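Thank you all for coming, and please have the sequence and the model open while I talk.

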Amino acid sequence: AMSKSAVKISSDLLANPLCEQEPSFLEMVTAFDTAMRRMDSFNQEKVDWLGLENGSAGGSLDSWNGGNVVESFSSVFPSLNMAVKRREQTLQDYKRLQSKVEKYEEKERTGPVLAKLHQ
């Protein structure tokens, strides 16, 4: 689904009038669009392959190999494991900071609280 979104974004960028005005931007967006389409094609091939290996073309990716697909490929792609850990850490940081902002929004609107709220 994420690669489908990336293809949609790259298509939208290609339709942008700025591409007609700036040849360098058009070249960059075209390269991005090509990369996103290749990634989508690669992902679709892998989904198809996983479905066939699992015995059902429409099978769930989560059920492949008895566990999560990310866990299954983490030994093959160590950078994937690191990216997942970074994402989880960033998500925890975001939630922590969001709760802090909500706490300051609930407090009385005094000078120091407003200063912390707009950092």
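Let me begin with one word that I will need several times: a contact means that heavy atoms lie within 4.5 Å. With that in hand, we can look at D40, which, leaving aside its neighbours within four places in sequence, is in contact with S3, K4 and V7. D40 has its place in helix α3, where helices (H or I, at least four residues) and strands (E, at least two) are DSSP runs, numbered from the N terminus. With a relative accessible area of 14%, D40 is buried, and here buried means under 20% relative accessible area, exposed means over 50%, and partly exposed is in between, using a 1.4 Å probe and protein chains only.

Residues are numbered from 1 along each chain as its sequence is written, and side-chain values use heavy atoms, with hydrogens and water left out.

Now for the overall picture. The chain has six helices and zero strands, so if you read along the sequence, the pattern is α-α-α-α-α-α. Of the 119 residues in the chain, 15% are buried. The accessible surface comes to about 9300 Å², and 57% of that belongs to carbon and sulfur atoms; these areas come from the Shrake-Rupley method with a 1.4 Å probe, and for residues only the protein chains shown count as cover. If we take the contacts between residues at least 6 apart in sequence, 25% of them join residues at least 24 apart.

S10 itself sits in helix α1, which covers residues 2–14, and it is buried, with a relative accessible area of 0%. The side chains of S10 and D33 are joined by a polar contact of 2.6 Å, a term that stands for a pair of N or O atoms within 3.5 Å, where within protein one must be able to donate a hydrogen and the other to accept it, and where residues adjacent in sequence count only if both atoms are side-chain atoms. A31 also lies in helix α3, and the C-alpha atoms of A31 and S10, which are 21 residues apart along the chain, are separated by 9.4 Å. A31 is partly exposed, at 47% relative accessible area.

D33 counts as buried at 8% relative accessibility, whereas R37 counts as partly exposed at 42%.

A search of the whole structure finds four salt bridges, and among them is the one between D93 and R96, whose closest N and O atoms are 3.9 Å apart. D93 and R96 are three residues apart in helix α5 (residues 78–106), so they are separated by about one helical turn. Another salt bridge joins the side chains of E88 and R87, at 3.5 Å; E88 counts as partly exposed at 38%, and R87 is exposed at 54%.

For residues 80–107, an unreviewed UniProt entry lists a "coiled-coil region", given in the numbering used here and with a shortened feature name, and such annotations may be inferred rather than shown by experiment. In the model, that stretch is 96% helix and 0% strand, with its end C-alpha atoms 41 Å apart.

Finally, a word on confidence. The mean pLDDT of the chain is 75, and 73% of its residues reach 70 or more; pLDDT is the predictor's confidence in each residue, from 0 to 100. Over residues 57–67 pLDDT stays under 50, and the model has 17 contacts beyond four places in sequence for them. Where pLDDT is low, the predicted coordinates should not be read in detail.

Technical notes:
This is a predicted model: local features need pLDDT of at least 70, side-chain atom pairs count only at pLDDT 80 or more; totals for chains, interfaces and linings use all residues.
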